[in-house]
Amino acid sequence: MDSIAGQFLIATPKLVAPLFERSVLLMLDHSPEGAMGVILNKPIETTVADLAGKVFEEGFDWEKPLHLGGPVAGPLIVIHTIAELADREVVPGVFGTLEAAKAQEVIGRRPEPSFVIANYSGWGPGQLEDEFDRGSWLALPATTEQVFEIADDDPWDTLLRAANALKLTADLGLPGIPDDPRAN
């Protein structure tokens, strides 16, 4: 399987694990050593302001909701558009910051659009590929606009349909749909 880093990972209706049901993840890494992503469409009742004094030394009065990125405890991850504070570029123009001091600086700037995410989703070598084989997930290339639209809406249905159409096109060996329909 080719790397799906920088793509959406979309739970299919077959995946009924409570945390992953109807989830849309942004894949940060995918290699033979394993995979890492964050759920984007699971905001929780905690805000960045609630973390003041607990996770960060300084206080923040930003009422930005925190998202639950997955079941694996890990660093606070910020998905944003500030290139100079990024640990990695996930999708062109979409950056991820995991390093604590940089994440705190990003949060201090209150960038919008952005996600502040606690925990992550992780898979060992071959584990995600096995879940694909069981039909639990579909992958779909992500765009900058789609990543940040998730903050405003839960696009699981729309992205699932798009991923199914892409899979069908590939399975049937059909050419892709042109960006400009007049090119048909």
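Predicted model: local features only at pLDDT ≥ 70, side-chain atom pairs only at ≥ 80, totals over all residues.
Residues are numbered from 1 along each chain as its sequence is written, and side-chain values use heavy atoms, leaving out hydrogens and water.

Pro141 is found in strand β11. Helices (H or I, at least four residues) and strands (E, at least two) are DSSP runs, numbered from the N terminus. Buried means under 20% relative accessible area and exposed over 50%, with partly exposed in between, using a 1.4 Å probe and protein chains only. Pro141 and Ala162 are 21 residues apart in sequence, and their C-alpha atoms are 9.9 Å apart in space.

I turn now to the chain as a whole. The protein chain contains four helices and eleven strands. Of its 184 residues, 44% count as buried. Among contacts between residues at least 6 apart in sequence, 65% join residues at least 24 apart.

Next, please consider strand β1. In β1, residues 7-11, five of the five residues are buried. Gln7, Leu9 and Ala11 lie on one side, Phe8 and Ile10 on the other, so that both faces are covered. Which strands pair with β1? Two strands pair if DSSP finds at least two bridges between them. Five bridges join β1 to β11, residues 137-141, and the two run antiparallel; here Gln7 has Pro141 as its bridge partner. With β2, residues 24-31, β1 pairs in the antiparallel sense over three bridges, and the partner of Phe8 is Leu26.

A nonpolar core is a set of buried Ala, Val, Leu, Ile, Met, Phe, Trp, Tyr and Cys residues joined through side-chain atoms within 4.5 Å. The largest such core has 40 residues, and those with the most contacts inside it are Phe8, Leu26, Ile79, Trp137 and Val147. Strand β2 gives the most to this core, with five residues. Apart from this core lies another, of 14 residues, among them Val48, Phe60, Leu85 and Ala118.

Finally, I come to strand β6, residues 77-80, where His80 has its place. Ile77 and Ile79 point one way from β6, Val78 and His80 point the other way, and all are buried. Three bridges join β6 to β9, residues 115-118, in an antiparallel arrangement, with Val78 opposite Val116. Three bridges also join β6 to β8, residues 94-97, again antiparallel, and there the bridge partner of Val78 is Thr97.

Why does His80 count as buried? The reason is that its relative accessibility is 0%. What does the side chain of His80 meet through polar atoms? A polar contact of 2.6 Å joins the side chains of His80 and Thr97, and a polar atom of the His80 side chain lies 2.9 Å from the backbone nitrogen of Ile82. A polar contact is a pair of N or O atoms within 3.5 Å; within protein, one must be able to donate a hydrogen and the other to accept it, and residues adjacent in sequence count only if both atoms are side-chain atoms.

Note on methods: Contact = heavy atoms within 4.5 Å.
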